[in-house]
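Trainee: I would like to go through this model with you. Could we begin with one of its sheets?

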Amino acid sequence: MLSVANLFLVLTAGLGAQGVPDSLSPAQPVFESHEILNLRLATDLKTTLKDIGKDHNDFEFEGEGLHPATLSYSDAEGNPVSLDIEVSTRGHFRRHPKNCNFPPLRLHFKPEQSGETVFESQHKLKLVTHCRDNKDEYEQYVLLEYLVYRSYMLLTDKGFRVRLARTTYVDTEGKRDSLTTYSFLIEDDDRMAARNGASVLDSVGVHQADTDDEYGTLVALFQYFIGQADWKVSALHNIKLLQAGSSLPIMVPFDFDFAGAVDAKYANPPEELDIQSVRERVFISPCRTTYDLNRVFGLFNDRKDAIYTLYTDQEGLDQKQVKRTHVYFDRFYKRINDPKDARRVFLRRGCPEY
């Protein structure tokens with residue numbers, strides 16, 4: 001049986017070089033630090049934020065146009081850096097004006113300008129925004145979702161790296177007041193895959209049982225840990241699949257604002273599940289053996305203090321949110337460390353134990 005230390009090495013090891021696009025540079029300085037970036041994004045905010053399309057059921061929406069913008073920050077020596085970029089809106093739920101008045105954004109960089117800056121080698125990056133202006137709770141949701149990404153990366157490298165920012169949005173037309181809020185950048189899909197020696201598999205119809213068991217168990221337990229029920233592998237809903245050569249695909253979760261660990265006021269559980277709140281946990285998984293479960297339980301136990309410390313040390317996170325999240329996670333840890341309770345919840349009837 002693998003030790004916890006060896007399991008951690010398995011789950012954080014590279015996948016090899018097969019399937020990696022040659023054009024993707026491994027250098028991504030923006031994600032090499034967890035220091036908060038202070039950004040200034042200047043654009044025609046009214047025009048940009050209204051570019052949300054008419055079909056709000058379009059899950060793959062990109063803004064109808066790319067809007068010119070200027071992205072500014074200070075480098076490590078305090079020197080001002082200014083980049084001419086383009087920005088577009090994106091998303092599904094948070095793009096609907098009934099849900100959010102400030103949709104998520106995508107930043108589009110020009111390679112000839114981004115070289116030798118913190119955004120070197122980036123082509124486009126998702127920016128997770130605050131959903132609604134002038135409401136502190138929505139900034140807390142940004143921080144909580146950011147920390148879910150960080151927590152997953154303490155368990156495995158096969159996830160999306162993120163970088164927290166304090167972003168000041170400036171309306172170049174002078175029709176809106178400037179606004180400074182927390183946001184965070186998410187690593188590009190293809191670069192995340194390339195960093196792990198793989199490529200993104202875009203095929204729908206792949207089921208959990210058809211993916212790598214090691215990571216399948218980890219992902220299913222992590223989604224349970226954070227109270228995330230809003231995901232489905234076969235539809236590639238809030239899941240990316242990585243493929244390296246002939247190996248089984250590896251699941252990578254993302255988009256956690258509907259998770260119980262965030263508990264956004266707009267979040268509701270999927271209708272097909274018999275639960276009333278996103279804080280209720282549901283284990284969504286095919287058969288998992290006692291052997292696989294115990295190995296991943298050990299990994300969670302090994303990383304518990306590091307995960308809790310992320311929340312304790314996070315600048316800007318309300319202490320009530322810290323305590324509330326720790327209590328929520330405590331229930332998970334109590335369950336996985338109670339053999340009887342763990343068997344009841346995670347072992348499906350009729351499935352082999354070993």
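Mentor: In this predicted model, 3 strands form an open sheet, and their order is 8-9-10.

Trainee: Is the pairing there parallel or antiparallel?

Mentor: The pairing is antiparallel.

Trainee: Which strands stand at the edges?

Mentor: Strand 8 (199-201) and strand 10 (250-253) do. Each has a single partner strand, so one side of each is left without a neighbour in the sheet.

Trainee: By how many degrees are neighbouring strands turned against each other?

Mentor: On average, neighbouring strands of this sheet are turned by 45 degrees, direction ignored.

Trainee: How many bridges join strand 8 to strand 9?

Mentor: There are 3 bridges between strand 8 and strand 9, the latter being residues 239-243. The two strands run antiparallel.

Trainee: And what stands opposite Leu 201?

Mentor: Leu 201 faces Leu 241, which belongs to strand 9.

Trainee: Which helix lies across strand 9 and strand 10?

Mentor: That is helix 6, residues 213-226. Helix 6 runs at about 20 degrees to strand 10.

Trainee: Turning to the whole chain, how many helices and strands does it have?

Mentor: The protein chain has 9 helices and 10 strands. Its length is 354 residues, of which 55% count as buried.

Trainee: Lastly, what share of the contacts with a separation of 6 or more comes from residues 24 or more positions apart?

Mentor: Such residues account for 70% of those contacts in the protein chain.

How values were computed: Residues numbered from 1 in each chain as written. Predicted model: local features only at pLDDT ≥ 70, side-chain atom pairs only at ≥ 80, totals over all residues. Heavy atoms only, no water. Helix = DSSP H or I, 4+ residues; strand = E, 2+ residues; numbered from the N terminus. Buried < 20%, exposed > 50% of the residue type's maximum accessible area, 1.4 Å probe, protein only. Contact = heavy atoms within 4.5 Å. Pairing = 2+ DSSP bridges. Axes fitted to C-alpha atoms, helices over the stretch in contact; angles between N-to-C directions.
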